Amino acid sequence: MTALSPASTADAPNTSPEQEPDLRRGEFPGRGRVGLLIHQIRYEQLSFWRNPQAVIFTFLLPVVVVTIFGAVFGGDEKQDFFFGMSGMEYYTPTIAAVSVLGACYGQLAIVLSTRRQTGLLKRLRATPLPAWVYFVGLLVHCVLVSLVDVVLVIGVGALYGVALPTHWTALALTLVLGAASFCALGAGVASLVRSAEAAPALVQFIQFPLVFISGSYFPIHAGVLNTIAGLLPVKPFNEAMLAPFTHGGGYQWKELGVLAAWGVLGALVAVRRFRWDPRPE
Amino acid sequence: MTAVVVEGLQKTYGSHEVLRGIDFTVTEGEIFALLGPNGAGKTTTLEILEGFRGRDKGRVKVLGLDPGLPGDSRRLRERVGLVLQDIAVEPYLSVRETIARNAGYYRAPRDVDEVIELVGLREKRAAKVKDLSGGQKRRLDLAMGVVGDPRLLFLDEPTTGFDPSARRSAWEVVQDLRASGTTIVLTTHYMDEVQALADSVAVIADGRIVESGTPATLGGRDSAFARIRFELPPGTKVSDLPVRASTATEGALVTIEVEEPTAVLHSLTDWALRRGTTLQRLTVERPSLEDVYLEITRSFEREPSQQSVATRGHRPNRSHS
């Protein structure tokens, strides 16, 4: 009964249990791996949008912040303080970047460590769902939440008279790369944190100083600080987000490179240290 | 046909030998109960069978596959269901969504509504998981364990915290699953549950199987002495009784252990009637499964590692098997 059968029999729905599909190749009868991925994304979306805490803190907060900033820094007067931009021309992209941070880095770190602690990940590991479908599903889910958030933030900016981005493809590339990198960093932090209780604190302990020194909430004019922040992931993301909004700005390859490097680092930590079991050996 | 084979299974954490050579087999289609005190190695054994833990030594086959090999373990996920001790469910999905999500992970899942019916959650199908009671969440957990239509189901203390009627209906679900051909490996601390469900039983203590059999024969229970108990009538002494009370009084009750109680009961009741008195609180019973279980595990709880396991395991067995 241990005999392996060729994977070609997988399409028959009522094969005996010995004739199993190769799940690594995503062979599911009547539905491909894409179908399974969509299935998974759909349930991630349901879990997210029904959770008021997640919607308020992860999704709505950046929209509220950019609305308040609009009331405070409104007006289209160009200022040296904002590097020759108006207040909202500066804040619309940076707060959009903050929303990606929350939807990807913060959300993933907290969701993964909570699910591990409650045993959900362990249980998931006992189902035939391939791990890559689970993680790609989470990634796509986070990107979708980020996209809606960014659109809303840009919309609020537009209400305050900020011109729409001039370079949409640069913006799209920056968003996808940023979302993927911050997802990887979130998964990396979730792999290092021990308990779900510690996760929100650790997430904020890292994120809070980082967004401040990266100029997300106010422009930084200190050269040394900018040099340091430029090597960390948030400031390059801010820069790459700002560029498509300004005339003539396009792909910020150096910034995108730094961002991608951090993403790879996060992914390496996650792959090496990720645990499914709340109480490992 | 065997569903599970375990031979000489050993596992050590640091310097602590958790499993010292476990052997048992589970026949396909039966309910197999693994009993033992907390810390005896039940959960470790289950987790090795489920593929969550590696082993140090021994042979393990689950449905003919080795859960210690990544490829086999992946194949087993399609055929094995499990219900773990802790409840773990997404709070904001509904009952039906939760089950439908997991059904989507399997190649040939059971019908979602049929599973909802099976675990008795039909009225709660649209309710959010966070609004369910503890027992209802446990039933949802069971639904997730069976939705993949497993050939083998692991149930780790499935009715802990249930009220008596919820326990009865959970038993019915488990019996229905056996009737449909599912093999079930169960751990529990409730001996009435073992009595009601299990076809065979193994007791694990101090990292070894110290007894195995059926609920009726475990520990020589079927051939054990019957125990007659009653209150000594006022003004009488144990030495006044017509039969030798082989055991000392326990509280106010006299205990007599006999192989066959008919004759002894006759002489006792005759003695009482002639004296114009009665035998208050008279009972005749064979040791319950719980008595036998406590007897088996007692010595291990006192001295977990110094006890000579070999002699204990091979002590003369009174059963006729």
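Predicted model: local features only at pLDDT ≥ 70, side-chain atom pairs only at ≥ 80, totals over all residues.
I began with the order of elements in chain A, which reads α-α-α-α-α-α-α-α-α-α along the sequence. Residues are numbered from 1 along each chain as its sequence is written, chains are lettered from A and ligands numbered from 1 in the order written, and side-chain values use heavy atoms, without hydrogens and water.

Chain A. I counted 10 helices and zero strands, taking helices (H or I, at least four residues) and strands (E, at least two) as DSSP runs numbered from the N terminus. Of its 281 residues, 50% are buried (under 20% relative accessible area, 1.4 Å probe, protein chains only). For contacts (heavy atoms within 4.5 Å) with a separation of 6 or more, 73% join residues 24 or more positions apart.

Chain B. I found 10 helices and 12 strands. Buried residues form 52% of the 321 residues. Among contacts between residues at least 6 apart in sequence, 67% link residues at least 24 apart. Carbon and sulfur atoms hold 47% of an accessible surface of about 14,300 Å².

B:Arg138. I located this residue in helix H5 of chain B, residues 134-146. B:Arg138 is buried because its relative accessible area is 5%. Beyond neighbours within four places in sequence, its contacts include B:Val83, B:Leu84, B:Gln85 and B:Ile87, as well as B:Asp156, B:Glu157, B:Pro158 and B:Phe162.

Key: Areas by Shrake-Rupley, 256 points an atom, 1.4 Å probe, with all protein chains shown as cover.
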